[in-house]
Amino acid sequence: MKAKNGAAVAGERRPLVSRTVLLLCVCSFGLGMLFTDQFGATPDLKSPVVVQRRPQEVEMQAKSEHFVAKTKPSDDRDVMGEVTKTHEAIQYLDKSIATLQMELAARRSTQELLGGTDGVRKERKKAFVVIGINTAFSSKKRRDSVRATWMPQGEKLKKLEAEKGIVIRFMIGHSPTSDSALDKAIDVENAIHDDFLRLDHVEGYHKLTAKTKTFFSTAVASWDADFYVKVDDDVHVNLGALITTLGHHKLKPRVYIGCMKSGPVLSDKTSKYHEPEFWKFGEDGNKYFRHATGQLYAISKDLATYISVNQPLLHKFANEDVSLGAWFIGLDVEHIDDREMCCGSETDCEWKAQAGNVCVASFDWRCSGVCNPVERLKDVHSRCGEGDDAIWSTTSF
């Protein structure tokens, strides 16, 4: 009886549970639709909810822009890093090019000294001294004055080279225009006298330092000499006295001989000897380091070879004599100050000649050479010269 009553109660509860579940489902669906209409619809810009959210969006946008702005320095650093790397690469290439130029110059010098580019050994002529007389296209009358005084001519010039090992040449480059009238005039003059050394150099007063380097390189490639001398075409020279002086220093490896001076560094642009790089020599009023005056100087074989090999690296100052002295500053070089290489041409050289002590070279300091050399060089030679035969009785020890 009790079992039947329990079954009856259970049967009555099942419809009640089903109705309750159905009611909950309907309520849940209704609430879902309600919330979907509220939050899923397109927001009204005038809605208070949206108004409350806009400051938040602005803040988020500001933070985003700030983040982008903060990333820019990193980008700038990346760009600067690339620029730095590019600059370093360019510097490396410049250094590599300079090194290759140096190696090429050294190889060329070696080929010139030991043999030609075709593999055939090039024999250089042995000499005691090679004397290069610096001259210009417009200086024919000066050259004629030199030929008429202290420089032997014709067969005597050849004999001097063959028997004494004394080579004398007027050194000159070429004009900017190939095959010009100036070059042709030198060719004609050389055909008559055969006393020129043509250089691979474009002539110009402000290019004298480059010309000097080219002279030493060309001379070293052609002659194996103990000394190399540069002299201007407005200077009087006693060859015998010069050879005797050089002979005293023949056994020294690196000698630089001349009238040593240390003139002021001129920063005034209107000055004839203005030095554009005056600031490299310190305070205003400073002087140059000791160097031989440019009218005449001599250097030994080792130094001439050094110039030949290191041409691309040797700095050119405004003045040729200063440049030459600068090239030797850091080397183990003996500077020999010989005042007989810079006698005055008016009275000084004459008094010494009368005393039997002729000067090696004579010129006027105020003119940086013999003043009016075309007219006066013969007079200086007659008063201060050692005699035409002196050179033949001179030995180089």
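Tutor: Start with Glu 123, in the loop between helix 2 (48-114) and strand 1. Glu 123 is exposed, with a relative accessible area of 60%. Its C-alpha atom is 8.4 Å from that of Ser 222. Along the chain, Glu 123 and Ser 222 are 99 residues apart.

This is a predicted model, so confidence comes next. The mean pLDDT of the protein is 81. A pLDDT of 70 or more is reached by 71% of its residues. Residues 1-11 stay under 50. For residues 1-11 the model has zero contacts beyond four places in sequence. Residues 38-53 are also below 50 in pLDDT. That stretch has seven contacts in the model beyond near neighbours in sequence. Where pLDDT is low, the predicted coordinates should not be read in detail.

The protein has 11 helices and 10 strands. Of its 397 residues, 38% count as buried. The accessible surface comes to about 23,700 Å². Carbon and sulfur atoms hold 57% of that surface. Take the contacts between residues at least 6 apart in sequence: 75% of them join residues at least 24 apart.

Strand 1 (125-134) is part of what covers the buried residues of helix 3. Those buried residues are Arg 143, Ser 145, Val 146 and Arg 147. The cover also includes strand 2 (166-174), helix 5, strand 3 (196-202) and helix 11 (373-384).

Helix 3 (residues 140-147) and helix 5 (residues 181-193) have their axes 13 Å apart. The packing angle is about 10 degrees. Angles under 35 degrees count as roughly parallel, and helix 3 and helix 5 are therefore roughly parallel to each other. Helix 3 brings Lys 140, Arg 143 and Arg 147 to the contact. Helix 5 brings Ile 186, Glu 189 and His 193. By class, the contact of helix 3 with helix 5 has one nonpolar, one polar and four charged residues.

Look at the loops on either side of helix 5. Asp 179 lies in the loop between strand 2 and helix 5. Its phi is near 55 degrees, a positive value in a residue other than glycine. Most residues other than glycine have a negative phi. Asp 179 counts as exposed, at 60% relative accessibility. Asp 194 sits in the loop between helix 5 and strand 3. The phi of Asp 194 is also positive, near 50 degrees. Asp 194 has a relative accessible area of 47%, so it is partly exposed.

The axes of helix 8 (residues 301-309) and helix 9 (residues 320-328) come within 11 Å. They cross at roughly 100 degrees. That falls in the 65 to 115 range, and helix 8 and helix 9 are therefore roughly perpendicular to each other. Leu 303, Tyr 306 and Ile 307 make the contact from helix 8. Leu 324, Trp 327 and Phe 328 make it from helix 9. The contact of helix 8 with helix 9 has six nonpolar residues, no polar and no charged.

Helix 9 also holds Ser 323. Its relative accessible area is 0%, so Ser 323 is buried. Beyond its neighbours within four places in sequence, Ser 323 is in contact with Thr 209, His 315, Lys 316 and Phe 317.

Finish at another loop. Glu 340 lies between strand 8 (334-337) and strand 9 (343-344). Its C-alpha atom is separated from that of Val 358 by 8.1 Å. Along the chain, Glu 340 and Val 358 are 18 residues apart. Leaving aside neighbours within four places in sequence, Glu 340 is in contact with Val 358 and with Lys 352, Asn 357, Cys 359, Val 360 and Ala 361.

Technical notes: Residues are numbered from 1 along each chain as its sequence is written. This is a predicted model: local features need pLDDT of at least 70, side-chain atom pairs count only at pLDDT 80 or more; totals for chains, interfaces and linings use all residues. Side-chain values use heavy atoms; hydrogens and water are left out. Axes are lines fitted to C-alpha atoms, for helices over the stretch in contact, and angles run from 0 to 180 degrees between N-to-C directions. Helices (H or I, at least four residues) and strands (E, at least two) are DSSP runs, numbered from the N terminus. Angles under 35 degrees count as roughly parallel, over 145 as roughly antiparallel, 65 to 115 as roughly perpendicular and the rest as oblique. Contact means heavy atoms within 4.5 Å. Ala, Val, Leu, Ile, Met, Phe, Trp, Tyr, Cys and Pro count as nonpolar, Asp, Glu, Lys and Arg as charged, and the others, Gly among them, as polar. Buried means under 20% relative accessible area, exposed over 50%, partly exposed in between (1.4 Å probe, protein chains only). Accessible areas come from the Shrake-Rupley method with a 1.4 Å probe; for residues, only the protein chains shown count as cover. pLDDT is the predictor's confidence in each residue, from 0 to 100.
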